[in-house]
Amino acid sequence: VVFVKGGYADSLGFRPANRSAYVQGNFTGDDDHPGYSDAQVSEAMVATFVNAIARSRYWKSSAILILWDDSDGLYDHVPPPRFERCPDGHPCGDGPRVPAMLISPYARDHAIVSDVSDHTSVAKFLAELFGLPPLATLPDEARYMPDGPRDTNPVLSDLTAAFDPQRLSGAKPLIPASAAIITNVSVPPHASCATIGIRPVHVPGLARPPAGFAPIADERGP
């Protein structure tokens, strides 16, 4: 089990597409958090790791989970779920939905799985895969419950629904590595809203940015 996370440093040598000297000097991280990275750099980093696994001898036994931990927007029209108790006693759950992707020779192809999942689901998946007890059942976690590990919560999935049972049983051919390889990894990418036919729209009820709005200038200060 390997976890790969970007950070403040650009580990692979990619540079932001924006040629502004300020951007080139301050947005070089390969983690897609606002304020210290460029989204294209982090996406190129993910593509590079996926390609390395797909081209290696490990592809036939791999399951690559790509996760995000911040919503970074008000785009979700579905109210956040409320299935737990917060430390203050009020009901709570997860925040706005964010994407997650499974890349594996055993995955369901062209499928969307609507199970409720979050980062806890990764722990549940590893427990299922390796036959481990849930973290929440371990004796040293008892004093932290019910606010400790959440991996016994039945609402949260273990991600196994994203795998194709027929591929797992050998009744169906595995997805070839060529289907996972991302060609022409580059910064800037060769796709944009215009090239794939997406027209951004204004969300009713949200204020439009004022004319001349420049968030990078705000980062530099007056």
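Lys172 is partly exposed, with a relative accessible area of 28% (buried means under 20% relative accessible area, exposed over 50% and partly exposed in between, with a 1.4 Å probe and protein chains only). Its salt-bridge partner is Asp164, and the closest N and O atoms of the pair are 2.9 Å apart; a salt bridge here is a side-chain nitrogen of Lys or Arg within 4 Å of a carboxyl oxygen of Asp or Glu. Side chains of opposite charge can pair when their charged atoms come close.

The model is predicted: local features need pLDDT of at least 70, side-chain atom pairs count only at pLDDT 80 or more, and totals for chains, interfaces and linings use all residues. Residues are numbered from 1 along each chain as its sequence is written, and side-chain values use heavy atoms, with hydrogens and water left out.

Over the whole structure, a search finds seven salt bridges. One of them joins Arg150 to Asp94, with the closest N and O atoms 3.5 Å apart. This pair links distant parts of the chain, 56 residues apart: Arg150 lies in the loop between helix 3 and helix 4 (165-169), and Asp94 in the loop between strand 3 (91-92) and strand 4 (100-103). Helices (H or I, at least four residues) and strands (E, at least two) are DSSP runs, numbered from the N terminus. Arg150 counts as partly exposed at 22% relative accessibility, and Asp94 is likewise partly exposed, with a relative accessible area of 22%.

A further salt bridge brings together the side chains of Asp109 and Arg167, at 3.4 Å from N to O. Here too the pair links distant parts of the chain, with Asp109 in the loop between strand 4 and helix 3 and Arg167 in helix 4, 58 residues apart. Asp109 is partly exposed at 36% relative accessibility, whereas Arg167 is buried, with a relative accessible area of 7%.

Helix 3 (residues 119-130) contains Lys124. Lys124 is buried, its relative accessible area being 15%. Not counting residues up to four places away in sequence, Lys124 touches Asp151, Asn153, Pro154, Leu156, Ser157 and Asp158, where contact means heavy atoms within 4.5 Å. Between Lys124 and Pro134, which are ten residues apart in sequence, the C-alpha to C-alpha distance is 7.0 Å.
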